[in-house]
Amino acid sequence: MILLALARSNDEVARDVLALAAQAGLKTVRVGEEELASLLLRWELPESREPAYLVAGGRRIGVSELAGGLVRWLPSSWTRTFAEADEEYLEVEWRAALRGFLRALPCPVVNRPRPLERLRQPMLAAQAAVLRAAGLRLPHMLVAAGAKEERAFDERHGGSVTRVGLPTADSYPVYLVAAPEGIRRRVLVVGAEAYLDSRGEGAELPDDLARRCAEAVRGLDLEFAELTVVSGRDGDTLLDLTDTPDWSGCAAALRTRVAATLTALLAGAKRWEVIPA
């Protein structure tokens with residue numbers, strides 16, 4: 001069986017998972033920037049007499065051969081050259097085909113493509129309802145169109161406002177989150193397992209918070225995510241959530257535990273259920 005990873009060459013999460021999968025006896029294939037130009041898909045809906053497969057790096061892989069798929073990266077543009085009049089249309093169609101192929105795979109996939117590629121602080125009502133149902137509060141938020149709005153929001157919340165998702169100081173509009181006072185923890189969730197990331201605060205992860213984080217991630221139809229949660233007098237407030245966690249600065253022991261859990265899930269050795277309280 002084969003573990004397929006869509007990941008850039010410098011992705012440490014994919015590197016660790018693929019190494020463990022190889023140790024467990026699985027064959028591994030990584031599709032990154034270099035392999036993208038030659039990637040081919042054979043897939044028909046709703047049914048086909050011909051088996052579905054993909055070709056990556058000149059190697060044909062049948063869908064039935066896949067033990068699991070790790071999706072760490074989805075390309076935003078096509079690497080081949082077409083006539084200018086056709087290029088935009090073909091890029092949109094190709095991205096849609098790749099997403100559809102990954103969503104339809106019968107094996108475990110972490111994470112299957114969603115309408116939102118990267119879940120920062122969720123703004124959709126349906127997502128907010130899922131998070132509240134899991135027992136997580138949402139902070140005060142604002143999309144500021146300019147510096148004046150940003151200053152006013154920051155003053156209103158006592159200087160506790162954080163910019164989310166923008167690397168430059170002068171970019172607008174900007175997404176703002178007002179962080180409440182409390183212990184700021186970073187939590188990695190894989191399936192039903194939640195782990196405290198030492199890059200945040202707090203010496204331990206309370207059982208009830210671990211359960212809330214796992215339920216929130218599964219409620220959002222994800223399998224792997226990182227949450228930043230502030231635990232204060234009003235409860236647990238979610239500041240940030242990403243479906244592409246990274247290992248930057250992460251303790252080696254935690255990396256090993258999370259990578260092992262991911263590998264077990266992708267290989268079908270563990271199940272996804274979140275056990276209710």
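**Strands, a charge over a ring, and a pocket**

Student: What makes E9 and strand E10 (residues 174-178) a pair, and in which sense do they pair?

Tutor: E9 and E10 share 3 bridges in the antiparallel sense. DSSP has to find at least two bridges between two strands, so 3 will do. A strand here is a DSSP run of E, at least two residues. Take Val161: its bridge partner in E10 is Ala178. Keep in mind that this is a predicted model: local features need pLDDT of at least 70 and side-chain atom pairs 80 or more, while totals for chains, interfaces and linings use all residues. Residues are numbered from 1 along each chain as its sequence is written, and side-chain values use heavy atoms, without hydrogens and water.

Student: Why do strand E8 (140-144) and strand E9 (161-163) stand at the edges?

Tutor: The open sheet has 3 strands in the order E8-E10-E9, paired antiparallel. E8 and E9 each have a single partner strand, so one side of each has no neighbour in the sheet.

Student: How do you know that the charged end of Arg60 sits over the ring of Tyr53?

Tutor: CZ of Arg must be within 6 Å of the ring centre and within 35 degrees of the ring normal. Arg60 meets that rule, with its charged end 3.7 Å from the centre of the Tyr53 ring.

Student: What lines the second largest pocket?

Tutor: The lining divides into 6 nonpolar, 6 polar and 4 charged residues. Strand E13 (224-232) and strand E14 (235-242) each supply at least two of the lining residues.

Notes: Helices (H or I, at least four residues) and strands (E, at least two) are DSSP runs, numbered from the N terminus. Ala, Val, Leu, Ile, Met, Phe, Trp, Tyr, Cys and Pro count as nonpolar, Asp, Glu, Lys and Arg as charged, and the others, Gly among them, as polar.
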